[in-house]
Structure formats: C-alpha cells, structure tokens
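Visitor: I have not looked at this structure before, and I would like to learn how to read it step by step. Could we go through it together?

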Amino acid sequence: MTVHRRPTIRDVAAEAGVSRGTVSRVINGGHWVSPQARAAVERAIRVTGYRANQHARSLVTGRSNSVTFLLTEPQQLLFTDPTFSVLLRGAAETLSSRGMTLVLLVASTDAEREHVAQYVGAGHVDGVLLISSHEQEPLLDSLLALNVPMVACGVPLGAEGRVPSVAVDEAGGARAMVRHLRERGRRRIATITGPLDTPGGKFRLAGYTEELGEDFDEALVAHGDYSAESGSAAMARLLQQAPDLDAVFAASDLMAAGALTTLRKAGKVVPDDVAVGGFDDSGMAGTLDPPLTTMHQPFAQISTEMVTLLLDIIDGAGPKSVTMPVELVVRAST
C-alpha cells in the first residue's frame, strides 16, 4: 500500500526554485520577497497541494488566524432570530475568503462570560466581532481590559468612544417608516420597541418619537424583546391602551410577525384596519401574511465591513466606526 506523505515547505521550495526561508516568508505574510519569487511560491503551493501547519504558523506570527463571532444573547436566539444567522453566515464567508476561521461563542450567563474572557484572553482568537451588546454588558469591560481588537454590530451603548462599530441609521430608519405610514393616511401610529438597553431599541424609539413630534402619545408605545412572542403580547397591550390605533411600527420583523398574529385574532384586517411595519428585512418579511413592509438592513455589507474593520485594527490601523443607510421596502402590510 502506498502512503502519501503530506507536502512540506521543502517540497514547495524545490518546486519554486527558492529557499525554504523565502517560502516561509510568503506563507507568513512577511516582506522582503520579490513579486517574482512570491508568484513562484504561490504556484508551487498550488502544484504540490501544500497546506500550512496552522499551529506552527501561529508560533511564528503570534496570531491564531481566527476571530470570534460573540453573541451576548441566549443561544436559542441564534436559531430563532434570523438576523443573527444572516450576520454569522456573512462573517464566515468573508473570513473564509481570506483564509481565516470564525469561532462562534455565546455568552449570556456569568459562567459563559467568564469562559469567553478566559478563552479570548488566552489568545485563541485575534479579535472579536461583538454582536447584539447591551448597555452595561459586563463582558465588554473584561474584553476592553484585555486590549483585544473588537468591532461591535450597532453602536455599543455606554462604550461609544471605546469600541468601533458598524451600525445602521436606526433613528433615520424609524423616521422613514413613520413618514411612510403617515403618507398612507395613518394618524394613530403605535410602536413596539426593542429592549431600550440596545441600540435598536433606543434609537428606533427616538426616531419614531422625533417624527411624530406633537402627535406623540405614550399610550401608543409598548415594549418588547425582539421576539415574536413579545410582539404579540405588546400588540395586545396596545389594542387595550389605544383601541383607535390605525398603524403599528415594530422595531423588528419578528415582533411585527407577532403583532400580525394578535391583530388577526382580534379580528383586525391588515392593512385595512391597522397597517404594520417592521425593521430588518432579513428574509422572513416577504413570507408573512400579508408580506411585511419593513426597513431593509444591508446585512451582507454589515458583516463584511465588520470583518474588514476588525482585520485592519488587528494589522495596526486606528479604530473607526461606520454608519450605513437603511431602505424602506414597501409590501402589502401597509
């Protein structure tokens, strides 16, 4: 039986006609390699089928060649909230195209936070993509104390000046939705907010309030936690508090889906009796009955930009934050 050994740097060097040191510098991203030598080495790697020993490479570079997708929410939300899975897929694809690995970590309990801090502090990852952070999240201070490169998805409340972020125009999107509902003739526009210790909860409520101006009515505000169940319960409260409402803006598509269920049970026709708008457009909005008008977040661009900013910081660039626009997508629910 023939045993095929794994190609080595020596094989690559022989194929390329260069020294092993030159091959090592190319593999580890070093400088002082001519374009001709680099091209020869890259061709030799393809020909020989060489794969770098990641452990050995890490010893040389001091890097793990991986980053973590850190979700500071209960793990079941990764499967029930489509926004997280869309962001996860986008980040994984972007990193894979750069030959890097994405490590998923979840931290919603004290024990999980301690484990994450120890794992990151031990150098198992080069940086952190912080997803869905809450204001006063204790893990955030632990990560900052470790000086680990980090980029947040959404403005990290309470740490705006310390953690770079990729966010969307939350308030502007809420204002656009309220304007749309008003243009459709709606006058009693309610809202279901997300948690107010998250950027989506805080800033979308702010945009809603600003756009309504003097027409703002506290009775038209109910709070949720981004889940469909909380949207359903909040819609029931709103119907009790303001039975004359003729529209509702939910701060997530999942909460909007819950609101649709409650309205249907209450005998309300959407959009004839009550128009419904959401926020996210992560994939489910168009499948609802009726299809949901919502604010589209560019999730693919968000995840790509987060990875790009994080890798730049890891490579020594200064931190910066980016805000992306959202787009109104009109469907049958309004």
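Visitor: How many helices and strands are there in the chain?

Guide: Helices (H or I, at least four residues) and strands (E, at least two) are DSSP runs, numbered from the N terminus, and the chain has 13 helices and twelve strands. This is a predicted model, in which local features need pLDDT of at least 70 and side-chain atom pairs count only at pLDDT 80 or more, while totals for chains, interfaces and linings use all residues. Residues are numbered from 1 along each chain as its sequence is written, and side-chain values use heavy atoms, with hydrogens and water left out.

Visitor: What share of the residues of the chain counts as buried?

Guide: Buried means under 20% relative accessible area, with exposed over 50% and partly exposed in between (1.4 Å probe, protein chains only); by this rule 51% of the 334 residues count as buried. The C-alpha atoms fill a box of roughly 80 × 40 × 40 Å, taken along the principal axes.

Visitor: What is the order of the strands in the open sheet?

Guide: Strands of a sheet pair through backbone hydrogen bonds, either parallel or antiparallel. Two strands are taken to pair if DSSP finds at least two bridges between them, and here six strands form an open sheet with parallel pairing, in the order β2-β1-β3-β4-β5-β11. Because β2 (101–106) and β11 (322–324) stand at the edges with a single partner strand each, one side of each is left without a neighbour in the sheet. Within the sheet, β1 (residues 66–71) and β3 (residues 128–131) pair in the parallel sense over four bridges, and Phe-69 stands opposite Leu-129 in β3.

Visitor: Which strands does helix α6 touch where it packs on the sheet?

Guide: Contact means heavy atoms within 4.5 Å, and angles run from 0 to 180 degrees between N-to-C directions, with axes being lines fitted to C-alpha atoms, for helices over the stretch in contact. Helix α6 (residues 82–97) touches β1, β2, β3 and β4 (150–153), and its direction makes about 175° with that of β1. Helix α13 (residues 299–314) lies across β1, β3, β4, β5 (165–168) and β11, running at about 165° to β4.

Visitor: At what angle do helices α1 and α3 pack?

Guide: Helix α1 (residues 9–16) and helix α3 (residues 35–48) pack at an angle of about 120°, with their axes 8 Å apart. The residues making this contact include Asp-11 and Val-12 of α1 and Ala-40 and Val-41 of α3.
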